[in-house]
Structures are given as structure tokens and as C-alpha cells.
Amino acid sequence: MRAFVCTGYGGSQQLKLQELEKPTPKSDEILVRVKAVSVNSWDWDIIKGAPIIRMVGPFRPPYKVLGADISGVVEAVGANVHDIGVGEEVFGDLSDSRWGGMAEYATGKAEHFTIKPKKLSFEDACCLPQAGLLGFQGIRTFGEVKKGDKILINGAGGGAGMFAIQTAKLDGAEVWAVDRADKFDAMRKFGADHMFDYKATNYTKLDQQFDVIIDAVAHRSIKSYRRALAVDGRFVMMGGKLPTILGTFLASRKNDSNTQKIKILMWSVDKDDLDSLAKLVIEDKIKVHIHKIFDFEHTPEAVQMVGDQDALGKVIIRVS
Ligand SMILES: NC(=O)c1ccc[n+]([C@@H]2O[C@H](COP(=O)([O-])OP(=O)(O)OC[C@H]3O[C@@H](n4cnc5c(N)ncnc54)[C@H](OP(=O)(O)O)[C@@H]3O)[C@@H](O)[C@H]2O)c1
């Protein structure tokens, strides 16, 4: 099969089209003929060699083939897989199965896949496992957003942010969205009520306290987040810099003695959440904003586009 192999750290020029052997599913896995794969900031972190990635792969990327969020058709199933059959259309996540989505075939744990409804396109489906669930779970599971809540989303113009804004609006919240100014139009389209440019505004110093803060790129002190939260507010760290991740972890251990809650979003590929999200997309209650679809041969350009932060919406690779 053809696959883009990640030959070293650096950038998209490290992705080389090679012939690899078609993988064989383990007993709890499925083999998927990949139809579409979405590019996430995580793919870029890996190929760039972000500090957190080098902790697991000091000299070379920990995964041979990138791409975690895929949709496709099941070609084979492992001996212990009973709820997904050959020929079914599925979508799911490979990040706990050695990655490998930027290839014609990939194997992944069956428990991290669900059946793709016919009405959901392969392109939309491959945006849901990571970016979709991060936004969805950030608002519902971790933020516990209620009607009328004032919520702030930092990094709201990114892949997960666009799902977070839409889920929050669906749940009746008033949304403050923070990202680069040239993403304002996109964020308005997702449903944001108020917008701020992160290059000009420190949101923790706004004259406003929030019931929920979801931060995709957290890099400030816990003290400043507490200042921006309502007395019983919730801060949810989706992603961020290592010192802030550590600070959030330590603060989250003291939640019992504080009315404000500090949480780390522990994203999980929950089939029920995936099915709920797919239903919302089919019902047109949540829209998947795709910036560009690349042919498989142009995979390095797709990855580079995410690295260059040029996309206003998801970047997709159509594999077959
Ligand atoms: N918690 C988990 O289990 C889990 C799992 C997977 C991924 N993640 C993390 O989740 C986060 C969101 O992922 P994603 O795919 O949505 O990323 P993304 O598409 O790169 O979105 C991040 C957004 O934040 C913006 N941004 C950059 N610096 C900012 C700042 N200082 N203030 C405000 N906004 C800023 C970016 O804009 P620019 O274009 O200007 O950079 C971009 O629009 C990432 O940090 C990722 O590592 C978490």
C-alpha cells in the first residue's frame, strides 16, 4: 500500500511517499481502507518535534505514519471484534493504535471506531474523533455548560474551538471567543457573540468573569485564570504549555477546598459521544467547517498548511 512515511523531525518535507506492507489487524483491531484523514495540530507537533513529543521520541518521530482521525471502509476485523463487520463504513481515532492514517490502509482498536451514518460524508466524519470530541467534551463533559452561562473559549478559531463554540451555543451559552483577528469572520460564523484578538488582549484582564473558560492554548498562571472566573466557575485546560499543564494538574488536586474548579480535559474516544456528535452534524445543528480538501498525493502540503496556521477550518486529505 502507499503511505506517507515520517522520515524525521523537521517539517512536511520529511513526509515521503513509500510502499509499505498492508497492516494486519490484531485481535481487538479493524483494518480500514482509508477514505479520508484530517490533519490536526497534533500531527504538526509530532513532525516538528515539539518538546512533549521528544520526551517519547528523542531522536525520531514516535510514529512512522502520521494521521489519527480517519474515516473509511472496514476490510478485515480481528478475532475478538464482534460489533463492527467487514464492508461497514466507519470513523474513529488511531492515536492509541500507533497512528498511521496518512496511508491507504490503517489498523485501529475497534473500540475507538463507530459506524458512520450514511448521511455523514467521509470528509466530515474524519473531523469528529479528535477536534470534534475535544470541543464537544470540553463544553459538555468538563465545562458542564448550562443555559445562560457566560463562557470564554481561548483558541476558539482552531479545529477544536469551532466545535466548542457551536456546542456551547447549542447549549444556550453566551460565548466570548479569543483567537487571531483574521479568524473573527469564521468565529462569528461558528456562533461567537464576542471576539477578542489574542495578540491585543489578555482575556484574564477583561472586565468580565466567566462561568466556564475552555483554553486550547493555556500559557498563563492559575492565579490569572482564577481572577477571570466567577466564584463557582470552571477552568478547563484543553491544551497548553508544559508549565501551565503542570500548574493546572497541581491546582486540580485542590478542587475540593475551592468553589472554583480547575480541570484538565482528558479527551477520550467515547463511541456514544461520537454518535451524538455525528447526529448533530447530520441534523445540521453543528457544522463541520472544512478549509480545504487535498488529494492524497498532496499530503505534505496539507500538513504544511496546518503548520503554517493558514487554515480557517479543518484540513482534510482524501485518500481514496
Ligand atoms: N486534552 C487532550 O486530551 C488533547 C488531545 C489532543 C489535542 N489536545 C490539544 O488541544 C488543543 C487544541 O487543538 P486544535 O486541534 O484545536 O488546535 P489548533 O487547530 O491549532 O487551534 C489552536 C488555535 O489557537 C490559536 N492560538 C495560538 N496561540 C494563541 C494564544 N496565545 N491565544 C489564543 N489563541 C491562540 C491558534 O491560532 P494561530 O493560527 O494564530 O496559531 C489556533 O486558532 C491543542 O493544544 C492540542 O495539543 C488536547
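1. Two residues are in contact if their C-beta atoms, placed from the backbone, lie within 7 Å. The points below concern a predicted model.

2. Helix α8 runs over residues 242-252, and its buried residues are G247, T248 and A251. Viewed along the axis of α8, these buried residues fall within an arc of 100°, so they line one face of the helix. The face turned away from the buried side carries the exposed residues L242, L246, F249 and L250. The general rule behind such a pattern is that an α-helix has 3.6 residues a turn, so residues three or four places apart point the same way.

3. After α10 comes Q309, whose phi is positive, near 55°.

4. The protein chain is divided into domain 1 (2-127 + 288-318) and domain 2 (130-264). Taken over C-alpha atoms, the centres of domain 1 and domain 2 are separated by 27 Å. Where the domains meet, 12 residues of domain 1 are in contact with 9 residues of domain 2. The side of domain 1 that touches domain 2 has 5 nonpolar, 4 polar and 3 charged residues.

5. The largest nonpolar core holds 98 residues, and I151, I153 and I165 touch the most other members. Domain 1 and domain 2 both give residues to this core, so it lies between them. For I165, leaving out residues up to four places away in sequence, the residues touched are I153, A156, V175, A177, M187, F190, G191 and A192.

6. Which residues are the closest to the ligand? They are G155, G158, G239, W267 and Q309, and 25 residues surround the ligand in total.

7. The shell around the ligand draws at least three residues from each of domain 1 and domain 2. Four elements, namely α1 (41-48), α4 (128-142), α5 (159-170) and β9 (174-179), each supply at least two residues of it.

8. Most residues other than glycine have a negative phi, and most peptide bonds are trans. Phi of R98 is positive, near 70°, and phi of W99 is positive too, near 55°. R98 is in the loop between β5 (89-93) and β6 (105-109), and W99 has its place in the loop between β5 and β6.

9. Are R98 and W99 buried, or partly exposed? R98 has 16 C-beta neighbours inside 10 Å and counts as partly exposed. W99 has 25 other C-beta atoms within 10 Å and is buried. The cut-off used here is that a residue is buried if 20 or more other C-beta atoms lie within 10 Å of its own.

10. P62 sits in the loop between α2 (51-54) and β4 (69-77). With 14 other C-beta atoms within 10 Å, P62 is partly exposed. Leaving aside neighbours within four places in sequence, P62 is in contact with I53, V56 and G57. The C-alpha atoms of P62 and C6 are separated by 9.4 Å, and these two residues are 56 residues apart along the chain.

11. P117 is placed in the loop between β7 (113-115) and α3 (122-125). P117 counts as partly exposed, having 14 C-beta neighbours inside 10 Å. Its contacts, apart from neighbours within four places in sequence, are A278 and I282. Between the C-alpha atoms of P117 and I282 there are 8.5 Å, although the two are 165 residues apart along the chain.

Key
Residues are numbered from 1 along each chain as its sequence is written. This is a predicted model: local features need pLDDT of at least 70, side-chain atom pairs count only at pLDDT 80 or more; totals for chains, interfaces and linings use all residues. A residue is near a molecule or strand if its C-beta atom, placed from the backbone, lies within 6 Å of it. Domain bounds come from an automatic or database domain assignment. A nonpolar core is a set of buried Ala, Val, Leu, Ile, Met, Phe, Trp, Tyr and Cys residues joined through C-beta atoms within 7 Å. A residue is buried if 20 or more other C-beta atoms lie within 10 Å of its own, exposed if 12 or fewer, and partly exposed in between; C-beta atoms are placed from the backbone. The arc is that of the directions from the helix axis to the C-beta atoms. Ala, Val, Leu, Ile, Met, Phe, Trp, Tyr, Cys and Pro count as nonpolar, Asp, Glu, Lys and Arg as charged, and the others, Gly among them, as polar.
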